[in-house]
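Please open the model in a viewer and display it as a cartoon.

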Amino acid sequence: MTATVPRPTAAKPALRALRDRVLRVAELVTTPLLPADYLDLVDPLRSGAALRGRIEAVLPETRDAATVLIRPGSDWQTHRPGQYVRIGIDVDGVRMWRAYSITSDLGRTDGCFTVTVKAIPGGKVSNHLVRSVRPGTLVHLDQATGEFCLPEQRPAKALFVTAGSGITPVMGMLRNHPELTDVVLVHSAPTADDVVFGAELRQLAAEGRIRLVEQHTDTAGMLDAGAIAELVPDLAERATWACGPVGMLEMLEQHWAAAGIADRLYTERFRPKVLVTGEGGTVTFTKNGTSLEAGGATPILDAAEEAGVLMPSGCRMGICYGCVLPLREGAVRDLRTGEVTTAAPGDGVLVQTCVSAAAGACDIDH
Ligand SMILES: Cc1cc2nc3c(=O)[nH]c(=O)nc-3n(C[C@H](O)[C@H](O)[C@H](O)COP(=O)(O)OP(=O)(O)OC[C@H]3O[C@@H](n4cnc5c(N)ncnc54)[C@H](O)[C@@H]3O)c2cc1C
Ligand code: FES
């Protein structure tokens with residue numbers, strides 16, 4: 001007599017159908033919440049859920065900076081050193097999204113990654129992350145992104161020029177690219193104690209992995225491009241990555257362009273370059289029903305979030321188009337160029353709300 005062994009593949013559709021039926025019944029029982037909502041409560045980091053992370057620890061770095069250790073959900077994909085992640089966090093009941101460069105070592109075995117945040121005066125998210133957030137807090141995440149990374153073909157000689165929190169993407173690279181053998185790092189901070197990762201950078205220098213030039217601006221002032229060129233005489237032979245305040249990046253871009261080596265300089269900006277401002281106006285969010293007065297120098301995205309309007313956003317500096325919304329009527333000004341975009345009633349001209357300010361009254365379809 002031969003026994004009939006069920007084919008495993010035949011069992012799968014039946015199981016799936018059974019699971020779907022159970023879920024449908026569960027949906028009826030648990031309405032208005034869906035079973036997925038309950039699963040989110042039990043296992044918010046599970047595969048298939050919206051990507052989240054849990055803050056495991058906040059580790060002080062300096063008087064105003066801290067490293068935040070995050071355990072990402074199962075669907076998190078490995079980042080490339082130098083990239084950033086967008087984090088959505090509720091501050092005083094308002095969901096805010098900000099970008100932070102990933103600073104951790106890819107070799108971590110606990111599945112976590114870190115970002116390192118410097119609290120800026122009046123900054124909502126940075127102060128919350130550095131001073132208030134508690135381990136166990138859930139945050140929303142996007143997959144890591146960004147092009148401020150080393151090329152596959154590593155440069156024979158590298159120069160990093162950073163200031164303040166601009167060290168973060170570079171630390172991500174230094175921790176993960178021990179194969180770089182000829183590295184100069186020129187870093188500026190107000191004092192030695194304000195250098196984020198100061199002890200680790202000095203250790204790397206002591207081991208001969210990098211040549212470290214620390215500029216303590218409270219006592220020694222800011223470095224100009226000429227001074228950097230004197231400190232690094234072979235600058236033209238080096239591929240250079242720079243991250244820091246807008247003014248510093250512009251100075252470097254001008255110097256590198258004048259020296260004919262603009263293509264050897266890669267920069268990462270934490271905020272957009274605002275060139276032109278003008279009169280503001282009343283911004284109306286037509287679906288939401290909110291109207292607010294916005295200044296001519298304030299991005300519509302910031303003004304809306306300030307008023308509690310939940311807005312789509314991304315990099316917040318004009319790169320990713322994650323904040324684009326239709327302008328139905330009125331005028332907005334691009335803060336980077338001064339260009340004014342107008343819409344007649346019924347139009348739907350797409351505008352980037354993170355780099356556009358009201359230029360008179362305007363209706364945004366949101
Ligand atoms: C690609 C990218 C990577 C980033 N990586 C890091 C990082 O690794 N570590 C880090 O600390 N920050 C990083 N930032 C900056 C970060 O996203 C936030 O802009 C910063 O934390 C301020 O947010 P906030 O909510 O505290 O300030 P807000 O409440 O948004 O702003 C408060 C005030 O500060 C001004 N402001 C906003 N951002 C800055 C800034 N960066 N510097 C000075 N003034 C500012 C605003 O114009 C406003 O007047 C990155 C930004 C980008 C685009
Ligand atoms: S948020 Fe990225 S372009 Fe506006």
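What area is buried between domain 1 and domain 2, and what percentage of it do carbon and sulfur atoms give? The area is about 1200 Å², and carbon and sulfur atoms give 56% of it; buried area here is the accessible area (1.4 Å probe) that two parts lose on being put together, summed over both.

This is a predicted model, in which local features need pLDDT of at least 70 and side-chain atom pairs count only at pLDDT 80 or more, while totals for chains, interfaces and linings use all residues. Residues are numbered from 1 along each chain as its sequence is written, chains are lettered from A and ligands numbered from 1 in the order in which they are written, and side-chain values use heavy atoms, with hydrogens and water left out.

**Colour by confidence.** The mean pLDDT (the predictor's confidence in each residue, from 0 to 100) of the chain is 91, and 91% of the residues reach 70 or more. Next, select residues 1–10: their pLDDT is below 50, and beyond near neighbours in sequence this stretch has 0 contacts in the model, a contact being heavy atoms within 4.5 Å.

**Select the domains.** An automatic or database domain assignment supplies the bounds: domain 1 covers 52–141, domain 2 covers 158–269 and domain 3 covers 281–364. The C-alpha centres of domain 1 and domain 2 are 24 Å apart.

**Go to the interface of domain 1 and domain 2.** Here 16 residues of domain 1 are in contact with 16 residues of domain 2. The interface holds 1 salt bridge, defined as a side-chain nitrogen of Lys or Arg within 4 Å of a carboxyl oxygen of Asp or Glu. On the side of domain 1, the elements that give two or more residues are β1 (52–62), β2 (65–72) and β5; helices (H or I, at least four residues) and strands (E, at least two) are DSSP runs, numbered from the N terminus.

Select R63 and D194 as well: their side chains meet in a salt bridge, at 2.8 Å from N to O.

**Select helix α4.** Is this helix largely enclosed or open? It is largely enclosed by the rest of the structure, because 9 of its 10 residues are buried, that is, under 20% relative accessible area, with exposed meaning over 50% and partly exposed in between (1.4 Å probe, protein chains only). Among the buried residues are I167, V170, M171 and L174. The cover over them includes β4 (94–101), β7 (158–163), β8 (183–189) and α5.

**Follow R175 to α5.** R175 forms a salt bridge with E200, with the closest N and O atoms 2.5 Å apart. R175 lies in α4 (residues 167–176) and E200 in α5 (residues 198–206), so the pair ties together parts 25 residues apart in sequence. R175 is partly exposed, at 24% relative accessible area, and E200 is also partly exposed, at 32%.

**Continue along α5.** R202 forms a salt bridge with E214, the closest N and O atoms being 2.7 Å apart. R202 is in α5 and E214 in strand β9 (residues 211–216), 12 residues apart.

**Move to R316 and D302.** Their side chains form a salt bridge at 3.0 Å, N to O. R316 is buried, at 14% relative accessible area, whereas D302 is partly exposed, at 36%.

**Finish with a network.** Select K157, D182, D234, E237 and R238, which salt bridges link in a network. The total count is 23 salt bridges.
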